[in-house]
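Please report on the fold, the interfaces and the local details of this complex. Keep it brief and give the cut-offs.

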Amino acid sequence: MRVSCTINGEPRHADDVWEGESLLYVLRERLGLPGSKNACEQGECGSCSVYLDGVLVCACLVLAGQAEGSEVVTVEGLAAGDDLHPVQEAFVEAGAVQCGFCTPGLIVATHDLLARNPSPTDPEIREALAGNLCRCTGYEKVLDAVRLAAGRGLWTATGDPSGRGLPSRSGAPGTRGGDDAGPRAGEAGT
Amino acid sequence: MEFLQPRSLPDALAIMAERPDAVPIAGGTDVMVELNFDRRRPEAILDLTRVPELGAWDRSDGGVRVGAGVTYTRAIAELAGDLPGLAIAARTVGSPQIRNRGTIGGNLGSASPAGDCHPPLLAVGAEVEVASAGGARRVPIDEFFTGPKQSALEPDELICAVHLPAATGPQQFAKIGTRNAMVIAVCSFGLALDPAGGRVGTGIGSAGPTPLRAGEAEEFLEGVLSSEDLWSSRAPLGEAAVARFGELVAAAARPIDDVRGTAAYRSHALGVLARRTLGWAWDEHRTGRS
Amino acid sequence: MSAPAAPARQPFAPTAPVTGGIGESPRRPDGTLKVKGEFAYSSDLWAEGMLWGATVRSPHPRARIRAIETADALTMPGVLAVLTSDDVPGRKTYGLEIPDQPVLAWEDVRYQGEPVALVAADHPETARRAAALVAVDYEVLDPLVDPEAAMAPGAPPLHPKGNVLRHIRIRHGDQDATAEVVVTGDYEVGMQDQAFLGPESGLAVPDGQGGVDLYVSTQWLHVDRDQLAASLDLPPEQVRITLAGVGGAFGAREDLSMQIHACLLALRTGRPVKILYSREESFFGHVHRHPARLRYEHGAARDGRLVYVKARILLDGGAYASSSTAVCSNAACFAVGPYDVPGATIDCAVVYTDNPPCGAMRGFGAVQTCFAYEAQMDRLAAELGMDPVELRLRNAMGTGTRVPTGQAVEGAAPVAELLRRLQAVPLSEAPPAGALDLRELPGGVSNVTHGEGVRRGVGYAVGFKNIGYSEGFDDYSTARIRLSVVAGEPQVEVHTAAAEVGQGLVTLQAQIARTELGVERVVVLPADTQVGSAGSSSASRQSWMTGGAVKAACEAVRARVLERAAAKLGSPAASLSLRDGEVVADGDRGMALADLLAGEVVEETREYHHRQTQALDPETGQGEAHVAFAFAAHRAVVDVDTELGLVKMVDIATTQDVGKAINPQAVEGQIEGGIAQGLGLALMEEIQVVDGEVRNPSFTDYLIPTVLDMPPVRLDVLELGHPDSPYGLRGIGEPPTISSTPAIVAAIRAATGRPLTRVPVRPEHIVGVPAPESRDRPAAGAGRAGPPEGGDEGGDGSDPDPGSAVSEPGRPDPARGFPTATQAPLDPDRDGG
């Protein structure tokens with residue numbers, strides 16, 4: 001089948017897609033976008049994290065046809081030409097990149113976190129990145145990178161954080177931004 | 001493999017009537033794993049993400065009708081007030097990526113004994129609304145799970161929604177995992193107190209071939225609360241009663257040993273979770289503060 | 001004295017000082033590509049006309065192959081080749097130390113997942129379908145899975161020379177010594193997996209002339225090349241390997257996985273072939289850490305001075321040799337710990353079984369023994385009524401101490417200092433009760449406790465290990481340095497075959513070149529077999545060995561450059577140096593390097609060898625076997641929900657001597673990452689094998705730490721130098737994995753009073769719930785290698801087979817000999833630290 005969608009702001013399509021392929025497979029093998037990674041293909045590692053219509057998802061869990069007509073943003077869509085997105089820059093500067101296999105997924109997840117919550121506390125950062133496994137760094141410098149990017153204050157709480165035509169966040173749910181008090185024991189959660 | 005993408009519920013049901021072998025997919029957090037790992041090769045797959053009726057929820061008759069396509073993220077953000085137990089459970093699921101896609105209906109559709117939403121649904125006596133091209137029906141949650149990963153769904157039926165009463169009292173949910181995120185429950189427990197009706201509801205997860213209710217524990221506690229008029233006096237619950245409640249919950253479980261834990265541990269842990277969640281819920285009832 | 005007229009000075013032009021030399025933390029050269037998603041990992045490779053390979057694997061741990069039918073697979077449209085062992089033109093086996101592992105099994109299958117046949121097709125789905133159509137007729141046999149049984153006399157030999165692959169005996173000091181105080185213990189370490197994120201993958205491209213180019217993730221290019229050449233029956237020059245981007249290694253890429261397979265298919269079909277393992281296949285596609293059973297006896301005087309240590313260690317090597325003989329040696333050599341002990345009696349054996357093959361994993365034998373000897377030290381301290389750190393200080397090794405193999409430790413051996421510094425790190429305060437955030441508690445947002453049952457514990461541990469290869473192995477690395485002028489600026493190219501696996505070796509090579517040659521612009525070329533071997537990215541050796549080779553080659557280039565400059569400037573070469581892109585004479589500018597080179601190229605290649613080591617005596621285990629040692633200590637603070645057995649890491653502090661931090665940021669990253677792996681072994685990581693079958697080959701049930709499991713890390717890095725190494729550096733990658741695990745378990749023991757003699761620690765051990773009665777189970781799900789059904793939240797708490805138990809110690813746990821927890825919850829000041 002043919003799958004047509006907007007990827008990183010450009011209309012793209014893939015032909016001869018087998019109906020059982022995931023969006024991840026289509027991105028990597030048919031659309032020349034191998035930035036999203038295939039570390040587990042079962043939603044456990046987050047290395048395939050992308051935006052689907054403004055929502056952070058694992059591309060390995062999206063059936064190709066489900067992305068028909070949708071807007072997809074991958075790690076390849078965050079930089080503006082040769083200028084790294086501030087999240088990308090922070091990851092390199094903070095030493096959060098070792099083998100780098102988890103890095104694309106972490107960057108997209110961090111981008112999503114900071115767009116919704118520009119000044120996250122450490123517990124909020126951890127909860128937001130709990131779906132991204134890293135085997136090299138022990139996460140310490142990943143946290144440093146997120147704090148570094150957040151501290152540079154480049155986001156407003158709503159709207160397109162990068163000004164680079166990312167899909168709007170209407171209808172995109174998320175935890176309530178800016179509320180940094182964790183749930184008290186007994187609360188149902190924010 | 002055929003990919004089918006209806007745009008309305010009647011269309012989806014019509015497809016199911018014609019192709020009862022079609023596998024429904026919404027968030028994909030279960031179905032895609034099976035596809036990616038070559039464990040399933042359905043002849044047809046039915047994408048439900050473009051069916052708007054499934055993604056809505058609304059309040060009616062003192063209850064909430066939650067569309068099958070409501071994701072965990074939305075449950076946390078939008079339903080915490082009406083359905084606190086469900087919201088706590090949704091928060092324990094997976095990761096943000098999983099919560100953004102996984103759905104309440106999908107959890108029911110997989111009918112796993114480990115499904116995180118199931119214990120809260122059991123605890124409030126939810127009803128599952130299912131439909132086929134021939135009409136809709138409601139299945140009480142107690143009758144929905146018929147075996148490990150088996151449900152009362154007919155082959156041509158889809159899960160449309162879950163009906164839950166809005167909370168009239170404190171609700172709790174607790175889940176044991178050997179890691180702090182992204183973990184399938186070793187065991188879990190849901191509790192709902194209904195002061196108006198004098199009822200106690202429970203749900204046990206990952207400790208039996210299906211999610212279970214601890215009927216004897218519920219009756220015992222209801223008896224204590226009503227005979228000692230504790231609902232209205234809001235006096236503290238005696239330790240003996242709490243302990244007994246825990247024992248009865250543990251006894252209601254039918255756990256096994258597997259890669260995630262042993263039966264003995266599961267029984268033990270359920271007793272602890274039951275005592276603790278009861279303590280928190282009762283404290284909330286007494287003080288009005290969670 | 002009169003001197004010849006000095007050449008006219010160049011007009012002064014300020015030069016930018018070269019940054020990014022050793023001791024700094026310059027940006028990774030591959031960082032930009034990695035964060036953009038443009039870095040090419042081996043799993044990202046693509047070539048025109050590429051085919052996909054798939055591997056047919058045995059579902060049985062032990063079987064005889066009666067026949068393999070490939071006709072159905074071959075006739076499937078889109079399938080271009082189906083190969084079996086008959087199609088291996090050269091040596092039919094491979095192996096790092098002993099070539100005992102079949103490229104493709106042909107007669108005996110010795111572990112679940114062993115490769116039996118290969119398929120090449122034009123789409124990965126087609127390749128998978130075709131692989132399923134390859135019909136292998138197995139005679140299923142009973143696997144031999146208990147290592148003790150495998151060692152017993154009369155055990156059926158799994159390999160021609162019997163089941164004991166190696167037995168190391170170390171006899172040091174008085175073998176008949178007695179002691180006033182004796183503590184014994186039995187310990188067990190489960191099978192950990194490296195669980196790198198980048199799956200096994202590579203692309204083999206036939207060159208049309210009988211040879212092949214392989215782009216692959218691996219740890220040692222030349223050893224891969226040599227094994228490939230042997231099996232493909234090609235001269236080494238016709239097998240060329242280029243390192244593709246590596247998604248982590250940790251020892252799992254030392255053995256071959258898909259290399260020979262992809263090359264066989266490529267050479268047969270005449271087309272590029274890519275093989276990419278799924279995560280599940282990956283669990284079967286590489287070796288794991290050796291599970292270990294350890295029995296220890298420590299004898300000490302009343303004042304705590306150790307008199308002797310006796311250890312009996314049994315490692316389960318699984319089906320094939322891999323690097324088991326070296327792991328066995330390491331475990332034996334480091335069985336006592338960084339302590340000065342007059343007498344040691346150590347027996348360490350590694351045996352073949354039909355379990356999954358085990359081999360290199362970061363820590364390499366020293367991890368398993370550290371868990372045991374540090375537990376013993378705590379037992380001894382409790383028996384003596386002594387503080388556990390004080391006991392360690394009393395016995396701490398120092399410079400000149402002889403290890404049990406007789407070698408005296410050279411250079412700094414700061415065991416006592418590491419521990420004292422750790423003790424001095426203030427413990428963080430417990431949060432005030434009542435203001436608890438769920439996320440600070442055991443179980444986190446899973447909402448299992450609001451503080452009930454939570455106790456805090458603190459634990460210490462210290463460990464050490466060798467750096468580099470041992471026992472007489474002539475290890476070396478090679479570097480080619482090329483200095484030239486590009487666009488008017490001097491540029492250095494560094495070419496080695498050293499595998500960058502994430503640790504930052506590419507950055508370090510550039511830093512060394514900058515420091516040695518004073519040139520800012522350094523290009524590290526892709527690692528390939530066109531230059532000599534760099535040895536393995538393992539054994540914490542690369543900074544030393546490849547760093548040493550890069551340094552040596554740079555020195556050779558510099559010497560030639562300065563000779564030339566001496567002639568030009570009329571100054572003796574000894575008075576000249578290279579700095580900031582210039583030749584500098586006694587501190588004054590001489591001339592720009594670009595001008596001196598004037599379009600010429602200076603290139604040198606050097607091999608760097610470490611000093612010679614010796615083999616261990618077969619009877620006594622004595623010998624100068626090691627190049628150097630590295631030391632680290634950890635202190636862990638945990639909160640334990642004692643009723644549920646759930647652990648929250650509060651924080652972990654570490655002190656480590658790195659000799660010299662060539663790149664401080666990378667040093668920290670390696671330490672933090674190593675601690676995470678130690679945490680995983682302590683709390684959650686285990687490949688569960690029952691009757692030779694893997695129960696959890698997926699990330700759903702092989703759990704590695706998430707960001708919610710890792711605590712803040714407090715680092716204290718010492719730079720105490722080393723007499724032999726380049727810049728005085730020591731290897732750093734492994735020590736963080738060694739004493740982190742026992743520190744965490746010690747902290748849990750302090751919080752709970754449980755003896756906890758096995759890792760990973762499970763909630764049922766902490767709670768003390770009885771183990772299942774029997775570990776003997778009927779062969780569960782015979783033939784099916786899959787995990788329990790379902791993905792994440794939809795997964796299954798029920799297993800259709802009621803007999804599948806987790807392996808557990810199954811013996812009652814007396815709390816004897818361990819400090820017991822007090823009643824006060826969350827009291828950080830109370831306790832064993």
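Chain C holds 18 helices and 31 strands. Both are DSSP runs, numbered from the N terminus: helices are H or I with at least four residues, strands are E with at least two. This is a predicted model, in which local features need pLDDT of at least 70, side-chain atom pairs count only at pLDDT 80 or more, and totals for chains, interfaces and linings use all residues. Residues are numbered from 1 along each chain as its sequence is written, while chains are lettered from A and ligands numbered from 1 in the order in which they are written.

**Chain C overall**

The C-alpha trace of chain C spans about 95 × 75 × 60 Å along its principal axes. Its radius of gyration is 28 Å, which agrees with the value near 28 Å for a compact globule of 833 residues. That radius is taken over C-alpha atoms, and the globule rule is 2.2 Å times the number of residues to the power 0.38. Of the 833 residues in chain C, 61% are buried. Buried means that 20 or more other C-beta atoms lie within 10 Å of the residue's own, with C-beta atoms placed from the backbone. Contacts need C-beta atoms, placed from the backbone, within 7 Å. Among contacts in chain C between residues at least 6 apart in sequence, 80% join residues at least 24 apart.

**Domains**

Domain bounds come from an automatic or database domain assignment. In chain C, domain 1 covers 31–40 + 476–609, and domain 2 covers 45–142 + 197–248 + 253–285. Their C-alpha centres lie 37 Å apart. The contact takes 16 residues from domain 1 of chain C and 16 residues from domain 2 of chain C. On the domain 1 side there are 7 nonpolar, 7 polar and 2 charged residues. In this scheme Ala, Val, Leu, Ile, Met, Phe, Trp, Tyr, Cys and Pro are nonpolar, Asp, Glu, Lys and Arg are charged, and the others, Gly among them, are polar.

Chain B divides into domain 1 (56–165) and domain 2 (172–287). Their centres, taken over C-alpha atoms, are 20 Å apart. Here 22 residues of domain 1 of chain B are in contact with 23 residues of domain 2 of chain B. α7(B) gives the most to the domain 1 side, with 6 residues. By class, that side has 12 nonpolar, 8 polar and 2 charged residues.

**Chain interfaces**

Chain C puts 53 residues in contact with 49 residues of chain A. The largest share, 7 residues, comes from α15(C). The chain C side has 21 nonpolar, 20 polar and 12 charged residues.

Chain A also meets chain B: 31 residues of chain A are in contact with 36 residues of chain B. Strand β4 (residues 55–58) of chain A supplies the largest share of the chain A side, 4 residues. That side divides into 13 nonpolar, 13 polar and 5 charged residues.

**Enclosed helices**

In helix α1 (residues 23–30) of chain A, 6 of the 8 residues are buried, so the helix is largely enclosed by the rest of the structure. Its buried residues pack against β1 (3–7) and β2 (10–14) of chain A. Just after α1(A), A:Gly32 has a positive phi of about 65°.

Helix α6 (residues 259–269) of chain C has 9 of its 11 residues buried, so it too is largely enclosed by the rest of the structure. Among them are C:His261, C:Cys263 and C:Leu264.

**Hairpins in chain C**

Strands pair if DSSP finds at least two bridges between them. β22 (residues 576–579) and β23 (residues 582–585) of chain C run antiparallel, joined by 4 bridges. C:Arg579 has C:Glu582 as its bridge partner in β23(C). Antiparallel β23(C) and β24 (residues 588–592) of chain C are also joined by 4 bridges. C:Val584 is the bridge partner of C:Arg589 in β24(C).

| Hairpin | Residues between strands | Positive phi |
|---|---|---|
| β22(C) and β23(C) | 2 residues | C:Asp580, near 50° |
| β23(C) and β24(C) | 2 residues | C:Asp586, near 45° |

**Confidence in chain A**

pLDDT is the predictor's confidence in each residue, from 0 to 100. Chain A averages 85, and 81% of the residues score at least 70. Over residues 156–190 of chain A the pLDDT is below 50, and this stretch has 64 contacts in the model beyond near neighbours in sequence. Where pLDDT is low, the predicted coordinates should not be read in detail.

Conventions
Buried ≥ 20, exposed ≤ 12 C-beta atoms within 10 Å, placed from the backbone. Contact = placed C-beta atoms within 7 Å.
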